[in-house]
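Subject: Structure handover

Hello,

Here is the structure I said I would pass on. My notes on it follow below the sequence and coordinates.

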Amino acid sequence: MTTLLWAIVVAGLLSIVYGIVTTRGLLAADAGSARMQEISAAVREGASAYLRRQYTTIAIVGVVIFILAFWLLGAYAAIGFLIGAVLSGAAGFIGMNVSVRANVRVAQAATGSLAKGLDLSFKAGAITGLLVAGLGLLGVTVYFIILTQGVGLEPTSRSVIDALVATSFGASLISIFARLGGGIFT
């Protein structure tokens, strides 16, 4: 594996580590009064119900597209679609859960000062962004390595290109659902 591929893998892993560390710090922040926590729990319950419903629908659509990709483009492209969809779905699911839990902590921090509230809110938003980027980098890079070094395909072959494009398509499709549904939910 070349140095560049290792650097990409390391960058992806670092973004995930940052997300984990930042999430722990964020969730350790003061969650506010009992009333704030009660409201936050209700919002979290609603968000969980929304996520279950949305991801059930997305899974149905994803299975249909996976079968079509397998039939029309082959196994490598279908697997690529699946990798992209699963990683994008994971980033969205984790991001939504962290954001919902962060809301009450941001509100509590903002009672102390605007700077503290903004600091926590930016960190909460950065978690989702870095998970999307990190998981995307890891998914595409590791799949490329598997296809070219594990399976033995030529890096410029049509199968590898189709598989990587399908990975991006899977990630994009899930993120579109998440953005539209997340906007409606919010």
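At 51% relative accessibility, Arg35 counts as exposed, because the cut-off for that class is over 50%. Arg35 takes part in a salt bridge with Glu38, and the closest N and O atoms of this pair are 3.1 Å apart. Glu38 has a relative accessible area of 49%, so Glu38 is classed as partly exposed. Both Arg35 and Glu38 belong to helix α2, with a separation of 3 residues, about one turn of the helix. Please keep in mind that this is a predicted model.

Overall architecture

The protein has 5 helices and 0 strands. In sequence order the pattern reads α-α-α-α-α. The C-alpha trace spans about 60 × 40 × 20 Å along the principal axes. Of the 186 residues in the protein, 35% are buried. If contacts are limited to residues at least 6 apart in sequence, 80% of them join residues at least 24 apart.

Salt bridges

How many salt bridges does a search of the whole structure find? The search finds 3, and the Arg35 and Glu38 pair described above is one of them. As background, side chains of opposite charge can pair when their charged atoms come close.

Another salt bridge joins the side chains of Lys123 and Asp119, with an N to O distance of 3.3 Å. Lys123 and Asp119 are 4 residues apart in helix α4, about one turn of the helix. Lys123 is partly exposed at 35% relative accessible area, and Asp119 is also partly exposed, at 38%.

Arg158 and Asp162 form a salt bridge too, at 3.1 Å from N to O. Both residues lie in helix α5, which runs over residues 158–185, and they are 4 residues apart, about one turn of the helix.

Helix α1

Helix α1 covers residues 3–27, which makes 25 residues. From its first C-alpha to its last, α1 reaches 36 Å, close to the 36 Å expected at 1.5 Å a residue. Which residues of α1 are buried? They are Leu5, Val9, Gly12, Ser15, Ile16, Gly19, Thr22, Thr23 and Leu26. The buried residues of α1 pack against α3 and against α4, the latter being residues 114–150.

The second largest pocket

The second largest pocket holds about 190 Å³ of space. Its lining is made up of 13 residues, and Ile58, Ala59, Ala85, Val86 and Ile174 are the closest to the pocket centre. Which elements give two or more residues to this lining? They are α2, at residues 34–73, and α3, at residues 75–112. By class, the lining of the second largest pocket comprises 11 nonpolar and 2 polar residues, with no charged residues.

That is what I have for now.

Regards

Technical notes
Residues are numbered from 1 along each chain as its sequence is written. This is a predicted model: local features need pLDDT of at least 70, side-chain atom pairs count only at pLDDT 80 or more; totals for chains, interfaces and linings use all residues. Side-chain values use heavy atoms; hydrogens and water are left out. On a 1 Å grid over the protein atoms alone, a cavity is a set of points where a 1.4 Å probe fits but cannot get out, and a pocket is an open set with protein on both sides within 12 Å along at least five of seven lines; lining residues have an atom within 4 Å of a point. Grid points are joined across faces, edges and corners, and a volume is the space filled by probe spheres set on the points. Ala, Val, Leu, Ile, Met, Phe, Trp, Tyr, Cys and Pro count as nonpolar, Asp, Glu, Lys and Arg as charged, and the others, Gly among them, as polar. The expected span of a helix is 1.5 Å times one less than its number of residues. Buried means under 20% relative accessible area, exposed over 50%, partly exposed in between (1.4 Å probe, protein chains only). Contact means heavy atoms within 4.5 Å. A salt bridge is a side-chain nitrogen of Lys or Arg within 4 Å of a carboxyl oxygen of Asp or Glu.
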